Amino acid sequence: MTQSSEAADYDPFEEFDRAQGAGRVRDPYPQWAALRRRGPVCETDARDLVQASKADGPVNDITPEGLRVFATLSYDAVSQVFRDGRTFSSSGYAQSMGVVMGRSILQMDAPEHSRYRDLIQRSFTRRSLARWESELISPQVGAYIDRFAGRGRADLVKEFTFPFPVTVIAHMMDLPEEDHDRFHRWVVEITSFGFARERAMEASGRVAEYLEPIVEERRRNPGPDLISTLAEAELDGQRLTNEEIFAFLRLLGPAGAETTYRSLSNLLFGLLTNPAQLRALQADRGLVQAAIEEGLRWEPPITGFMRIATRDTEVCGVPIQAGAVVRTLVGSANRDETRWEKPERFDIFRPPKPHLAFALGPHRCLGMHLAMAEMRIGLNALLDRLPHLRLDPQAHDVHITGEIFRAPRSLPVLFDAESPI
Ligand code: HEM
């Protein structure tokens, strides 16, 4: 059978969810809590890493003899690793996502990393986002809600949180609307690298083929979009090569789409399963920011990342050898009981405290302001337009699932239908 990414019998979204552990790993949190009780850092079996790397790791099929793997579990341990990019290198991604995306900023270390990151950072500042918020995010959110607001019921994952963030990124790149569906498909296939390598590589090639004429055109006629920003960017007087631009764009798709869809879904799940908090939020929109932060703390969309130790060092007193893999378990750190009371509870009334969903240090999420804007606008619009929003009581066992990538697979809801104008 053809492996083509256009194959009709293959649904990359279903495949992706399944392979990330959806349905297999329902709740990894108790296991991390048990490990945390033993200490802030623990050495784990490299074979566990191969399992985990199916979703996120730098060493897919290879576990070199003698490879040591450490998991950082507490807030302080994970923060220390993220902050110190010199001791904890991101270069390991070259062997996983880098193979399929190309050489992106995700796998670069200082000083190369900041030179490349600076080229696009200004497109993601709060100030630059103001235009995208009014011209793009709000109308897109409105258009998706229009499709179900009159129905009185919807699946908020399939009809809202899944499709809308990728549409935003595709618009920011100014891709023609008729191409958005296949762009989304390629994005998902590229992210599925850990379990469908051939398909991911094929999608990566297709993205390059597809983008090449667009990049050439933007070099000649630049506009206010992300591809033009990269096409015009210069490092030491040199324009970026097409391959460098493709690597950036292959990263921005998954980084922008996967995470935001999962974060907003997890937040909605938290609210729908805690109706008193949902009602409080409906009555006082001043709580929206706190609700978003709590959603990200409680159920971050990606629960673990990777670094490689560049020298013999220690984290929270635990010695770590040069060359060891260091996993940063954000999911565990965000439920550190020395920092948050009853961390397993979703509670939008907690006193505000920084969490680690966006990481820290040099690789801290480039798109965090965009993600926050998308969630804020999306959540407010749902609250404005869907009165008496609630989980469908007929829905069976709605829950968040997955080990590294987490989200509910569906959110069936009921609400008072909007009457036709
Ligand atoms: C709620 C949604 C999001 C979450 C929780 C999130 C989380 C993260 C995290 C934890 C990292 C660090 C990864 C590492 O160092 O290994 C990261 C990096 C990154 N994120 Fe996000 N992200 C989100 C949304 C977005 C959006 C909307 C974009 C924009 C397109 C984006 C673009 C990026 C990029 C380009 C990087 C690489 C930065 C670097 O290596 O310097 N992210 N993100």
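A residue counts as buried when its relative accessible area is under 20%. In this predicted model, Ala359 has a relative accessibility of 10%, so Ala359 is classed as buried. Ala359 sits in the loop between α16 and α17. Its phi is positive, near 65°, although the residue is something other than glycine.

## Iron site

The loop between α16 (330-333) and α17 (368-385) also holds Cys365. The SG atom of Cys365 is the single protein donor to the iron atom of the ligand, at 2.3 Å.

## Largest pocket

The largest pocket has a volume of about 500 Å³. Two or more lining residues come from each of α7 (126-149), α15 (288-298) and α17.

In total, 26 residues line the largest pocket, and those nearest its centre are Gln289, Glu293, His355, Phe358 and Met372. By class, the lining has 13 nonpolar, 10 charged and 3 polar residues.

## Other backbone features

Cys316 is not a glycine, yet its phi is positive, at about 45°. Cys316 is found in the loop between β8 (313-315) and β9 (318-320). With a relative accessible area of 35%, Cys316 is partly exposed, whereas Ala359 is buried.

The peptide bond between Ala110 and Pro111 is cis, with omega about 0°. Pro111 belongs to the loop that runs between α5 (97-101) and α6 (112-121).

Conventions: Residues numbered from 1 in each chain as written. Predicted model: local features only at pLDDT ≥ 70, side-chain atom pairs only at ≥ 80, totals over all residues. Heavy atoms only, no water. Donors = N, O, S within 2.8 Å, 3.2 Å for Na, K, Ca; no water. Helix = DSSP H or I, 4+ residues; strand = E, 2+ residues; numbered from the N terminus. 1 Å grid on protein atoms, 1.4 Å probe; cavity = no way out; pocket = protein on both sides within 12 Å on 5 of 7 lines; lining within 4 Å. Points joined across faces, edges and corners; volume = space filled by probe spheres on them. Nonpolar A, V, L, I, M, F, W, Y, C, P; charged D, E, K, R; others polar. Buried < 20%, exposed > 50% of the residue type's maximum accessible area, 1.4 Å probe, protein only.
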